[in-house]
Number of protein chains: 2
Amino acid sequence: MPRPATIDEVAKLAGVSSMTVSRVVNASPRVREETRSRVLSAMAELEYRPNAIAQGMRSSTTRTVGFLLPDLTNPLNAMIAQSVEASLAAAGFRMLVASTRFDIDKEAHYLEQFQANVVDGIIALLSDETSEVIARAIEKSRVPVVVIDRDLPVPVDAVLCEHEQVMSELVTHLVGLGHRRIGLLNGPMTIRPARRRLDAFCSTALKLGVDDPLRYSRAPPPTIEEGFRAAMELMTATPRPTALIVCSNQNMFGALRAIRDLGLRIPGDLSFVGADENMSSALLDPPLTVIDRDIGSMGEAAARLLMDRLESPHRRPGAQVTIPSQLILRSSCGPAHRTD
Amino acid sequence: MPRPATIDEVAKLAGVSSMTVSRVVNASPRVREETRSRVLSAMAELEYRPNAIAQGMRSSTTRTVGFLLPDLTNPLNAMIAQSVEASLAAAGFRMLVASTRFDIDKEAHYLEQFQANVVDGIIALLSDETSEVIARAIEKSRVPVVVIDRDLPVPVDAVLCEHEQVMSELVTHLVGLGHRRIGLLNGPMTIRPARRRLDAFCSTALKLGVDDPLRYSRAPPPTIEEGFRAAMELMTATPRPTALIVCSNQNMFGALRAIRDLGLRIPGDLSFVGADENMSSALLDPPLTVIDRDIGSMGEAAARLLMDRLESPHRRPGAQVTIPSQLILRSSCGPAHRTD
DNA sequence: TGATGCCATGTTAACGTCAACATTATTACA
DNA sequence: TGTAATAATGTTGACGTTAACATGGCATCA
């Protein structure tokens with residue numbers, strides 16, 4: 001592991017000044033062809049690579065973006081991360097990943113840490129949008145921030161998902177199948193998607209004459225265990241729901257296990273709707289009806305918003321891009337039967 | 001977005017030299033208590049954060065580790081990434097993620113790019129261990145490299161997985177159930193796990209009197225589509241296998257779809273073994289027997305190897321840690337029936 | 001032939017921090 | 001009270017790069 005060569009060593013070997021080497025490195029046209037090739041061979045001989053830290057020092061720039069997310073093992077987050085990385089790489093940026101495990105302190109910590117010339121911008125999947133600390137941190141951020149699917153009380157660029165229309169469509173579909181007792185495992189109410197879904201769920205259900213739509217609505221933390229527990233609770237109620245909508249992938253796996261443990265059949269005893277297409281939704285028996293959205297374009301949109309902002313640093317934050325959702329109908333939903 | 005304060009501005013406000021501020025920042029004991037508190041309040045007032053680039057410049061260090069992987073959307077990779085990140089964060093390091101999408105050129109590119117004082121070390125999930133270019137790049141790397149589950153022709157620290165023993169156990173189990181035609185969807189032979197598994201698969205099968213064990217062995221690329229195609233091919237052969245082992249998660253989803261499309265029942269018509277526990281293996285109908293390993297400890301071990309090496313830069317590379325595998329028996333495997 | 005201007009290249013300094021050394025203040029003790 | 005020892009703080013310079021300005025050479029043209 002030899003010490004890396006510096007620009008001065010290259011300059012010396014090529015018999016020019018370091019400035020000329022810098023010009024060659026940065027493809028400036030102000031260099032004679034013959035000089036350029038002499039410099040290039042000196043660079044090759046010494047295996048010279050411009051020192052990224054020193055360049056960063058000069059330019060106060062890192063060509064790196066921080067991506068904050070609660071949990072990489074959630075396939076949804078991983079897919080967003082993947083598309084963010086691809087978009088950033090295409091724009092010549094690197095992606096720093098910080099996993100916060102739903103810990104607000106960690107979120108604040110990373111947000112803070114990233115300020116210190118660590119990244120040029122931040123893309124965040126926040127786990128709680130009601131936190132004062134986080135809002136303040138974003139407001140005071142020295143680098144542009146883009147949040148994904150969150151409403152914050154401060155102006156910030158955001159990629160939003162369409163939740164109301166698809167939920168409304170779904171409720172209409174289920175009511176059309178005869179369901180009147182519809183369970184909902186929503187995400188925590190501290191984040192936007194859950195609130196939006198609940199709004200649409202309630203108002204559509206009420207409009208369609210469903211009685212007390214909140215009766216079977218729960219908002220467990222997004223884990224398999226909590227999904228299991230909440231589904232158990234709902235499905236052992238009397239009378240029990242004839243349909244169940246689960247909005248987080250992790251909750252979904254727990255809920256499915258609970259349903260299996262209770263010996264309930266889908267869609268015979270229960271119509272089931274999952275969230276976000278993933279490899280297993282089409283493979284489970286029966287294939288699941290799901291609420292889906294184009295995850296890839298969420299990451300792309302976030303990266304694009306951030307890049308735009310880096311190019312026009314004086315633009316005020318607050319731009320929004322909305323990603324559509326859609327309902328994918330499969331055989332896990334059927335007509336409601338009497339179960340009480 | 002105010003320009004961040006520098007150490008000199010803090011020094012001026014506190015009425016001390018920048019060196020004293022630096023001492024306070026770095027918790028040196030050589031500072032009078034009263035001075036320290038004056039400096040601390042100046043820091044607070046100016047919201048001073050030490051500039052990470054400048055610190056990096058001084059120390060030739062970034063406190064960042066690059067993690068190279070083919071694809072974040074593969075849950076296995078995501079889980080490794082998650083545990084790598086957690087271990088690195090605990091040690092005060094950040095994680096830069098580079099997704100290579102199985103493109104050797106990209107792998108080489110990132111490996112190269114990372115040399116330029118971008119990271120202090122690299123952890124890599126390589127997609128092809130036979131590449132000369134990659135081996136050369138790792139050999140010449142200016143920063144320590146740790147590879148996960150790969151054999152390279154150059155000395156490099158590695159976290160290895162145990163593949164032979166568990167495969168041998170599995171084949172023994174299946175033969176014990178009466179299976180003689182056992183299909184194997186292996187990973188590409190350009191990486192170690194696939195070769196190790198194949199070795200154990202063949203030698204154990206032969207030892208147990210299985211005829212021509214390679215007959216139903218395939219090595220498709222790790223995608224859902226290729227898993228589908230390969231499983232289709234195997235399961236429409238005459239006579240067809242009575243058991244199928246699938247070693248990649250992605251292949252597994254494709255294979256399951258093929259099996260469903262062919263109307264085959266598990267375990268009635270076919271005994272099925274999946275790879276790497278994930279949320280759905282226990283939920284599919286029937287729950288799947290799988291080859292499993294402790295993914296979390298793989299990431300931890302990789303981070304630990306790298307940290308060790310950063311602390312003892314003169315240690316020669318080549319350390320190895322092996323992570324055990326185990327067979328989780330569920331109901332997707334049963335006695336063999338005649339199917340021809 | 002001398003002035004003008006352009007092109008290729010060089011010199012200097014600065015980005016922010018901190019190690020190494022230098023200086024000054026304080027304390028301990030004869 | 002003076003001197004040595006020690007603690008507290010300051011000064012300088014360097015890490016590698018490049019913007020801004022400076023220089024020198026050569027061609028063009030009146």
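This is a predicted model: local features need pLDDT of at least 70, side-chain atom pairs count only at pLDDT 80 or more; totals for chains, interfaces and linings use all residues.
Which strand of chain B pairs with strand 2 (residues 94-99) of chain A, and in which sense? The partner is strand 2 of chain B, and the two run antiparallel, joined over three bridges. For one facing pair, pick M95(A): V97(B), in strand 2 of chain B, stands opposite.

Now zoom out to the whole interface. Select the residues in contact and you'll get 62 from chain B and 63 from chain A. Interface size is often quoted as the accessible area lost when the parts come together. Here the area buried between chain B and chain A is about 5300 Å², with carbon and sulfur atoms giving 60% of that.

Next stop: charges. Four salt bridges turn up across the interface of chain B and chain A. To see one, show the side chains of E47(B) and K140(A), whose closest N and O atoms sit 2.4 Å apart.

Helix 4 (52-59), helix 5 (75-90), strand 2 (94-99), helix 6 (104-113) and helix 11 (249-261) of chain B each put in at least two residues. Helix 5 of chain B supplies the largest share, eight residues.

Definitions and conventions:
Residues are numbered from 1 along each chain as its sequence is written. Chains are lettered from A and ligands numbered from 1 in the order in which they are written. Side-chain values use heavy atoms; hydrogens and water are left out. Contact means heavy atoms within 4.5 Å. Buried area is the accessible area (1.4 Å probe) that two parts lose on being put together, summed over both. Helices (H or I, at least four residues) and strands (E, at least two) are DSSP runs, numbered from the N terminus. Two strands pair if DSSP finds at least two bridges between them.
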